[in-house]
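Hi everyone, thanks for making time for this.

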Amino acid sequence: MYVDYHNHTVLCHHATGTVEEYLERARDLGIAEYGFAEHSYWMVRPDARNLCPSLEEMQTYFQWMDRAREQWDGSGGGPLLRVGLEADWVPDRIGEAKRFVQSYPFDYILGSVHHLQDPATGKWVSSWWFDECDLDTIYTTYFEEVAQLARSGLCDILAHLDVIRRSTRVPEKGVLPYVEAILPAIVESGVAVEINASGRDHLNGDFFPQEDVLRLLIEAGVPITFGSDAHAPTHVGRYASDVVELFTACGGREFMRFENRRMIPTPV
Ligand SMILES: [Zn+2]
Ligand SMILES: [Zn+2]
């Protein structure tokens, strides 16, 4: 059994394909539960309209999901549709974000630190675009934000936990020590972490999180789930067998399904 909970629609302005095309692809791959998790409208970068729906477009998202739920109910060999949101971490809009996630019956909320505020200019920049900064400072800042996101209660699942590696510049000591430093926040908050298969198609070639981090999380009892971060129907379920193989090789026995913001442990 496989679930794929991290998928986008054209409403985010940087994805292609119809909702039906994604779901048909999931059906063809035998995915049991398929979930959309559209970007949130409150992304803060100046060019964010290319990255997320508007508030009005979120209503369209809900309409599309309501309609698709009727057809994609898990019968007839098709996947069961789950509906989520990828909530962007913007600390000073946390109240607004929490109110918004109450406004629709989501099955789960992913949480992502896509942007950090440049200390020099105050501008919001992609978390992996700080090429001019001291690496240790920016990695520490990024993971401290992830810890705050975990503790905020905003999300059920931390998305692409070490996406900052997209910069291709990793501090000499590697990523693991930064995750070890925030492990108590992750464990105590009870959030799950996704294995995000899109990492393999970005510059560093492996999944988010990388293997040693995944092993650490599983050993600490952190719940794990799966997502392809699809922005096109061809991305759906990408590298699914490799994801499961890595998960079990790192000691994973049960992954998490989600319904109504409730976690359901499921044997792999
Ligand atoms: Zn995206
Ligand atoms: Zn993301």
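Let's begin at a metal: the zinc ion (ligand 2) is coordinated by Glu86 (OE), His114 (NE2) and His160 (NE2), at 2.1 to 2.2 Å. Donors here are N, O and S atoms within 2.8 Å of the metal (3.2 Å for Na, K and Ca), and water is not among the atoms, so sites may look incomplete.

Before I go on, some housekeeping: this is a predicted model, where local features need pLDDT of at least 70 and side-chain atom pairs count only at pLDDT 80 or more, while totals for chains, interfaces and linings use all residues. Residues are numbered from 1 along each chain as its sequence is written, chains are lettered from A and ligands numbered from 1 in the order in which they are written, and side-chain values use heavy atoms, with hydrogens and water left out.

Back to that zinc. Along the chain, the donors of the zinc ion (ligand 2) have the spacing E-x27-H-x45-H. Glutamate 86 sits in strand E3 (residues 80-88), and histidine 114 in the loop between strand E4 (108-112) and strand E5 (115-117); this pair is 28 residues apart and links distant parts of the chain. When I say helix or strand, I mean DSSP runs (H or I, at least four residues, for helices; E, at least two, for strands), numbered from the N terminus.

Are those two residues buried or exposed? Glutamate 86 is buried, with a relative accessible area of 1%, and histidine 114 is buried too, at 8%. The cut-offs are these: buried is under 20% relative accessible area, exposed is over 50%, and partly exposed is in between, with a 1.4 Å probe and protein chains only.

Now, how far is the zinc ion (ligand 1) from the zinc ion (ligand 2)? They are 5.4 Å apart. The protein donors of the zinc ion (ligand 1) are His14 (NE2), His39 (NE2) and His231 (NE2), and they lie 2.0 to 2.1 Å from it. Their spacing along the chain reads H-x24-H-x191-H. Histidine 14 is in the loop between strand E1 (3-4) and helix H1 (19-29), while histidine 39 is in strand E2 (residues 33-39), so to speak a pair 25 residues apart that links distant parts of the chain. Histidine 14 is partly exposed, at 33% relative accessible area, whereas histidine 39 is buried, at 5%.

Okay, let's zoom out to the whole chain. There are seven helices and eleven strands. The radius of gyration is 17 Å, close to the 18 Å that the globule rule gives for 268 residues, so the chain is as compact as a globular protein of that length. That radius is taken over C-alpha atoms, and the rule is 2.2 Å times the number of residues to the power 0.38. Of the 268 residues, 55% count as buried. If you look at contacts with a separation of 6 or more, 74% of them come from residues 24 or more positions apart; a contact means heavy atoms within 4.5 Å.

Next, please find helix H6 (residues 211-219). Val213, Leu214, Leu216, Leu217 and Ile218 are buried there. What covers them? The cover includes helix H5 (176-189), strand E8 (192-196), strand E9 (224-227) and helix H7 (240-249). After H6 comes glycine 221, with a positive phi near 85°.

The loop between E8 and H6 holds proline 209, and a cis peptide bond joins phenylalanine 208 to proline 209, with omega at about -5°. For background, most residues other than glycine have a negative phi, and most peptide bonds are trans.

Asparagine 260 is in the loop between strand E10 (254-259) and strand E11 (262-267). Its phi is positive, about 55°, although asparagine 260 is not a glycine, and the residue is exposed at 57% relative accessible area. Arginine 261, also in the loop between E10 and E11, has a positive phi of about 65° and is partly exposed at 29%.

Last stop: glutamate 172, in the loop between strand E7 (157-158) and H5. Glutamate 172 is exposed, at 88% relative accessibility.
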